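Subject: Structure handover and notes

Dear colleague,

I am passing the structure on to you with this email, and my notes on what was found follow below it. Please read them alongside the coordinates.

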Amino acid sequence: MKQNVPIAGVIGNSISHSKSPKLHQHWLRRYGIRGEYVPLHVESENLESVIRSMPKMGFVGANVTIPHKVDVMQFADQISDRAILVGAANTLIFKDDGKIYADNTDGYGFMANLRQGAPDWDPKSGPAMVLGAGGACRAIIVALADAGVTEIFLTNRTRAKADALRAEFGARIQVVDWVQAGNVVEDAATLINTTSLGMTGQPELRVPLDGLRPDTLVTDIVYSPLQTPLLAQAQAAGCRTIDGLGMLLHQGVPGFERWFGKRPEVDDATRQVVLG
Ligand code: ATR
């Protein structure tokens, strides 16, 4: 009997700018795997019917992106602990028994990128400072705590959102006023931008970084441009920096492995293909 070609895809709205198809198609080619990965534009009102139809069409799973990452959870039969903690899913697996499994690999992607860029990074080296308290921040806070970071300075323009995260994730989070953020930069061993500031077309990040120590590791989830003004400033201060593209690439690894049976590499060739 002819075996079906496994299909995966990315569900979002809009979806035309997603880099996931390029990434997964590159891995499929690279490992000579018979499979497909397609972008799927899905309106919110069609989310459930689309997801329930996908396994019937040969889909083995999907990535989920904005604006569906939270809503998709309600259609899952099983949810990973990390997706529950984050409150959102970016990876679905359609199991042979018909069950839908939802996972969140954003925090994994963040940490794998950090460890690849700075293999000697020590979670115990001091406080991590997190700029922003939006959707992307939750996965990063969970990943930092999981890695063993015991103190997180969290600052956000809208303080109430940072306070809510502290209430949810506990005492290791210390909320710092957005306008005071510059005052604690010097205490940070790791500095992470999770806001959209610095992205092409968005305003610049204006947190004063004069206090930045050269031994602070600085990373940004923004990857367009690759060299954000934050990373440029950090480099000028002598800091090691890690750009945000790797987080996107690494978050795709667990899904690809589950769908296609091969754990893919994230290396320079992967970066070039996705950027090209
Ligand atoms: P995501 O899911 O990508 O994190 P989000 O939930 O909209 O997106 O969060 C965007 C983050 O960027 C938030 O921390 C937001 O701050 P607010 O919570 O105060 O909105 C931050 N952000 C966006 N534009 C900003 C700006 N002009 N100044 C300061 N922070 C900004």
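Domain bounds here come from an automatic or database domain assignment, and for the protein chain that assignment gives domain 1 (7-105 + 252-275) and domain 2 (107-244). Taken over C-alpha atoms, the centres of domain 1 and domain 2 are separated by 26 Å.

Please note that this is a predicted model, in which local features need pLDDT of at least 70 and side-chain atom pairs count only at pLDDT 80 or more, while totals for chains, interfaces and linings use all residues. Residues are numbered from 1 along each chain as its sequence is written, and side-chain values use heavy atoms, with hydrogens and water left out.

As to the overall form, the protein chain has 10 helices and 12 strands, where helices (H or I, at least four residues) and strands (E, at least two) are DSSP runs numbered from the N terminus. The C-alpha trace spans about 65 × 40 × 35 Å along its principal axes. The radius of gyration, taken over C-alpha atoms, is compared with a globule rule of 2.2 Å times the number of residues to the power 0.38; for 276 residues a compact globule would have a value near 19 Å, and the protein chain agrees, with 19 Å.

Turning to the interface, 12 residues of domain 1 are in contact (heavy atoms within 4.5 Å) with 12 residues of domain 2. The buried area, meaning the accessible area (1.4 Å probe) that two parts lose on being put together, summed over both, is about 920 Å² between the two domains, and carbon and sulfur atoms give 54% of it. Across this interface the rule finds 1 salt bridge, the term standing for a side-chain nitrogen of Lys or Arg within 4 Å of a carboxyl oxygen of Asp or Glu. On the side of domain 1 that touches domain 2, helix H3 (81-86), helix H9 (253-260) and helix H10 (268-275) each supply at least two residues, and H3 gives the most, with 3 residues.

For the protein as a whole, the count comes to 11 salt bridges. One of the pairs found joins the side chains of Arg30 and Asp267 at 2.5 Å, N to O; because Arg30 lies in helix H1 (residues 20-30) and Asp267 in the loop between H9 and H10, this pair ties together parts that are 237 residues apart in sequence. The side chains of Arg271 and Asp243 also meet in a salt bridge, at 2.7 Å, N to O.

Best regards
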